[in-house]
Amino acid sequence: MLDGVSSAGKTTLASAFRDDRAAVGDFWLLMGIDDVLSKLPAAWLDLGYPTGPGRQSRDGLWFETEENGVRLHVGVICRKILDVYHRAVADAVRAGLNVIVDDVVIDRATLESWIRALDGLDPTWVAVRCAREVAVQRERERGDRPIGMASAQRDAIHSRIPYAFEIDTGTLTAAQALVRLKQQLGLEDNTAKDA
């Protein structure tokens with residue numbers, strides 16, 4: 001379970017891990033929150049896109065300016081979608097698949113949904129972190145998401161999650177982050193060198 005703010009490097013790390021394992025014949029299914037949230041129609045989003053807020057955004061996903069800055073909120077429809085996604089991840093594991101998850105635990109309700117879905121399983125939670133400035137810069141360079149997503153998630157992410165370890169993608173190269181993940185999971189095959 002790779003968890004971190006938007007633009008922390010989770011997708012890059014998860015994809016590299018999946019591909020690295022595939023190269024040695026070890027199948028891992030990559031499941032991620034971006035794949036799920038991309039299915040929300042624009043009418044259920046208010047994330048600062050130039051098209052403006054969707055008519056149903058309070059049932060979907062929206063930013064709201066609060067005392068401490070911008071905060072991401074989850075409405076009833078989006079919450080149901082997240083619950084289904086969490087159960088799908090758990091079902092894949094229960095079916096005997098190796099699964100790597102690229103996720104953002106948005107709030108306490110999202111964490112509680114994960115805990116319910118993963119009941120009886122033994123997930124390894126990994127904090128994927130980088131300095132705020134690094135995430136904000138990456139977000140600007142990507143251009144595929146609203147500016148402010150990384151900052152909006154910053155204070156909510158990593159709260160109350162039982163991480164086994166963390167990876168700082170701001171201080172490690174992508175290759176080093178992959179090596180660290182494999183080492184921590186006991187999957188280092190001694191052929192990869194710390195880049």
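Reader: In this predicted model, how many of the 5 residues of strand β7 are buried?

Author: The model is predicted, and strand β7 covers residues 125-129. Strand β7 is largely enclosed by the rest of the structure, because the count of buried residues among its 5 is 4.

Reader: Which residue of β7 stands opposite L2, and how many bridges join β1 and β7?

Author: Strand β1 spans residues 2-3 and pairs with β7 in the parallel sense. Opposite L2 in this pairing stands V126 of β7. The number of bridges between β1 and β7 is 2.

Reader: In what order do the 5 strands of the open sheet lie, and which strands stand at its edges?

Author: The sheet is open, its pairing is parallel, and its order is β2-β6-β1-β7-β8. Two of these strands have a single partner strand each, so one side of each is left without a neighbour in the sheet. These edge strands are β2 (29-32) and β8.

Reader: Which strands does helix α1 touch, and what angle does its direction make with that of β6?

Author: Helix α1, residues 10-23, packs on the sheet. The strands it touches are β1, β2, β6, β7 and β8. The angle between the direction of α1 and that of β6 is about 165°.

Reader: Across which strands does α3 lie?

Author: Helix α3 covers residues 76-94. It runs at about 165° to β6. The strands across which α3 lies are β2 and β6.

Reader: Is Y85 buried or exposed, and which residues does it contact beyond its neighbours within four places in sequence?

Author: Y85 is found in helix α3. Its relative accessible area is 5%, and therefore Y85 is buried. The C-alpha atoms of Y85 and L37 are separated by 9.8 Å, although these residues are 48 residues apart along the chain. Leaving aside neighbours within four places in sequence, the contacts of Y85 are M31, G32, I33, V36, V101, D102, D103 and W114.

Reader: Is D83 buried or exposed, and with which residues is it in contact, neighbours within four places in sequence aside?

Author: D83 also lies in helix α3. With a relative accessible area of 18%, D83 falls under the 20% cut-off, so it counts as buried. Apart from neighbours within four places in sequence, D83 is in contact with S113 and R116.

Reader: What relative accessibility does T110 have, and which residues does it contact when neighbours within four places in sequence are left aside?

Author: T110 lies in helix α4. T110 counts as buried because its relative accessibility is 1%. Neighbours within four places in sequence aside, T110 is in contact with R79, L82, H86, V104 and V105.

Reader: Where is D107 placed, and how far apart in space are D107 and L72, C-alpha to C-alpha?

Author: D107 has its place in the loop between β6 and α4 (108-117). Its relative accessible area is 17%, so D107 is buried. Contacts of D107, beyond neighbours within four places in sequence, are V74 and R79. D107 and L72 are 35 residues apart in sequence, and their C-alpha to C-alpha distance is 8.7 Å.

Reader: Which element gives the largest share of the lining of the second largest pocket?

Author: The second largest pocket holds about 350 Å³ of space. Both α3 and β6 (99-103) supply at least two residues of its lining. The largest share, 3 residues, comes from β6.

Reader: How is the lining of the second largest pocket divided by class, and which residues lie nearest its centre?

Author: The lining has 16 nonpolar, 2 polar and 1 charged residues. It consists of 19 residues, and those nearest the centre of the pocket are M1, W28, V99, P123 and T124.

Reader: What share of the residues of the protein chain counts as buried?

Author: The secondary structure of the chain comes to 7 helices and 8 strands. Of the contacts with a separation of 6 or more, 64% join residues 24 or more positions apart. Among the 195 residues of the chain, the buried share is 45%.

Conventions:
Residues numbered from 1 in each chain as written. Predicted model: local features only at pLDDT ≥ 70, side-chain atom pairs only at ≥ 80, totals over all residues. Heavy atoms only, no water. Buried < 20%, exposed > 50% of the residue type's maximum accessible area, 1.4 Å probe, protein only. Contact = heavy atoms within 4.5 Å. Pairing = 2+ DSSP bridges. 1 Å grid on protein atoms, 1.4 Å probe; cavity = no way out; pocket = protein on both sides within 12 Å on 5 of 7 lines; lining within 4 Å. Points joined across faces, edges and corners; volume = space filled by probe spheres on them. Nonpolar A, V, L, I, M, F, W, Y, C, P; charged D, E, K, R; others polar. Axes fitted to C-alpha atoms, helices over the stretch in contact; angles between N-to-C directions.
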